[in-house]
Amino acid sequence: MQALRRSHTKLRGHDPLPCSAWILAARVQNRPGLLNRASSSNSSQSGFSSNKGFSRTLGIVAATMTLTFLGTKLWDSRSAATPVQLEAAKSAKYADKKTMLIAVDRIRQVLGDDRVSLDEDDIEVHGYSEWSTSNTSERPVAVITPRSTEEVSSIAKICTEYRVPMIPFGAGSSVEGNFSAPFSGICIDLSHMNKIVSFYEEDMNVTVQAGVRWTDLNEEIQSTGLFLPMDPSPTAYVGGMVATNCSGTNAMRYGTMKDWVVNLTVVLPDGQVLKTKRRPRKSSAGYNLNALFTGSEGTLGIITEATLKLAVIPTETSVGTATFPTVKDATAAASKLIRDGVPLAALEFMDEVQMQIINKNGGAGGRLWTELPTLFFKLTVTTFGPQGKEAIWAIIATGPEGSQIWSTDVAVPISRLAEIVELSKNESGALGLFSTVLGHVGDGNFHQAVMYDPKDPEQYQAVKSCVSRMMHRALEMEGTVSGEHGIGLGKKGYLKEELGESTLQFMKALKRSVDPHWIMNPGKVFDEL
Ligand SMILES: Cc1cc2nc3c(=O)[nH]c(=O)nc-3n(C[C@H](O)[C@H](O)[C@H](O)COP(=O)(O)OP(=O)(O)OC[C@H]3O[C@@H](n4cnc5c(N)ncnc54)[C@H](O)[C@@H]3O)c2cc1C
């Protein structure tokens, strides 16, 4: 708990989020192999709960998804050898550190002292992620905290002049080394750009600065009955969410971040400012630049503002669970539910290990759960879908000292889901280490987490190979190596296999035309050479 608080505070420089154990109060019957029937009007029986219970029941899914990541914080020790030290392909064209610091001084002159930090701790939390298995040993030379699009533009002009890499930074919750700084450079922390610029209630959209946290936005506009339905880490900011094309438990009903972007204001590497579109909910005018910048992981420009669509908070929703004897049965049932057109708003899966973890921590809602593979599913009746997940942090208090968690995700076509989940679980299980799978199975997306000792090279190698086989398997099944976390540093090696040489070259050509000096978040997604 203390470790989490410390790390989390350090992560963002904000107060830690409430750190309470999750309480599950949904009234659910857990009978192995039995898919409980849904009824919003009869929600107190038969494994379903209505709206209040819903948010709690899905909360356990959210919280447990969260704990997959929390393991990193709770079990990772900074003093332990960093498990994966990934370096990007070397390049000699960037400014040396002395010149970078001259550029920082120029930025200081233009923006003022309070925008620039050279503090070592500050730099460390902006250059190293305990959430991520992929880090580099390099760090940015400074952290700059602009307050406006104009200030970001000034920073970009100076960085272009001095050839200094720029790494945009939101809440730092990404998990694939997305904001690490393999070529050093400066970190542009958008957290001070946290204003809701305009709220268009009638139009169901909102314009926000990049540093607005989605949970704060939803709290702020809750009384209007509207919300932004994406739910990545509760700490995440809109800029980072767009940059990673995030999603979460709500994706089955609401899609991913790309579906909620109306327009973006982006500062290009040379300091030019562009706006991708105007404000209607749809537009086919010109290239779809929203799609280009969404998921670009800070490699094409710095998003300073976003206009986002909003959804109506549902008034009636039912949620249920079903347990199954095996993972394969559960995931096969998930595929069938989808294929049969059952109107689900969310479909989440936890294996028996996740259920054990919940029970080990006192259960939830005063009850213990059947420790079997479990599906959580949510139906909407007269309304549109789920409420955004609450900011819940589950606490797992046990785990070997100094262990590291390797957490990763893939997504496959739904018909292959049962097969890949079973194979991956069997393989990670055979390592003889603590491992677990869970996922947003409604989208064919699942996560696998394995605990290992980073000081043991054999163990590390075994986990690495296991993860690698999972990636290749997903690709063989026409899937993707990243359902929702992006490529960052960690998955660069798989992108060519996933997309093919010509697609990769096209992406590089696009990047070069926007960023000829290759200074926007270099070393991420793909290398220049
Ligand atoms: C506990 C936990 C749970 C999570 N659950 C989910 C989940 O359910 N679904 C999911 O999709 N993800 C999940 N994530 C991953 C993470 O929350 C998302 O990737 C999130 O969108 C990152 O937002 P951020 O503000 O933290 O971005 P950061 O981590 O700060 O940055 C992410 C990337 O975006 C770039 N970037 C940041 N801001 C900007 C900007 N303004 N302009 C341009 N580029 C920018 C950075 O350079 C970096 O490449 C989870 C993470 C944690 C720790």
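Guide: A crossing is left-handed if the near helix is turned anticlockwise from the far one by less than a right angle, and right-handed if clockwise. We're looking at a predicted model, where local features need pLDDT of at least 70, side-chain atom pairs count only at pLDDT 80 or more, and totals for chains, interfaces and linings use all residues. Residues are numbered from 1 along each chain as its sequence is written.

Visitor: How many helices and strands does the protein have?
Guide: Both kinds are DSSP runs numbered from the N terminus: helices are H or I with at least four residues, strands E with at least two. On that count, the protein has 15 helices and 18 strands.

Visitor: Do α10 and α12 pass in a left-handed or right-handed crossing?
Guide: Helix α10 covers residues 327-339 and helix α12 covers 417-429, and their axes (lines fitted to C-alpha atoms over the stretch in contact) lie 8 Å apart. The packing angle is about 160°, so the two are roughly antiparallel (over 145 degrees). As for its handedness, the crossing of α10 past α12 is right-handed.

Visitor: Which residues in α12 meet α10?
Guide: Two residues are in contact if their C-beta atoms, placed from the backbone, lie within 7 Å. From α10 come V327, K328, T331, A332, A334 and S335. Their partners in α12 are L417, A418, V421, E422 and K425.

Visitor: Which element gives the largest share of the shell around the ligand?
Guide: The shell has 37 residues (C-beta atom, placed from the backbone, within 6 Å), the closest being G170, S174, G239, G240 and G298. The elements giving two or more residues are α2 (51-75), β4 (166-169), α7 (238-244) and β11. Five residues, the largest share, come from α7.

Visitor: What percentage of the protein's residues count as buried?
Guide: Among contacts in the protein with a separation of 6 or more, 76% join residues 24 or more positions apart. Of the 529 residues, the buried part comes to 55%.

Key:
Axes fitted to C-alpha atoms, helices over the stretch in contact; angles between N-to-C directions. Parallel < 35°, antiparallel > 145°, perpendicular 65-115°, else oblique. Buried ≥ 20, exposed ≤ 12 C-beta atoms within 10 Å, placed from the backbone.
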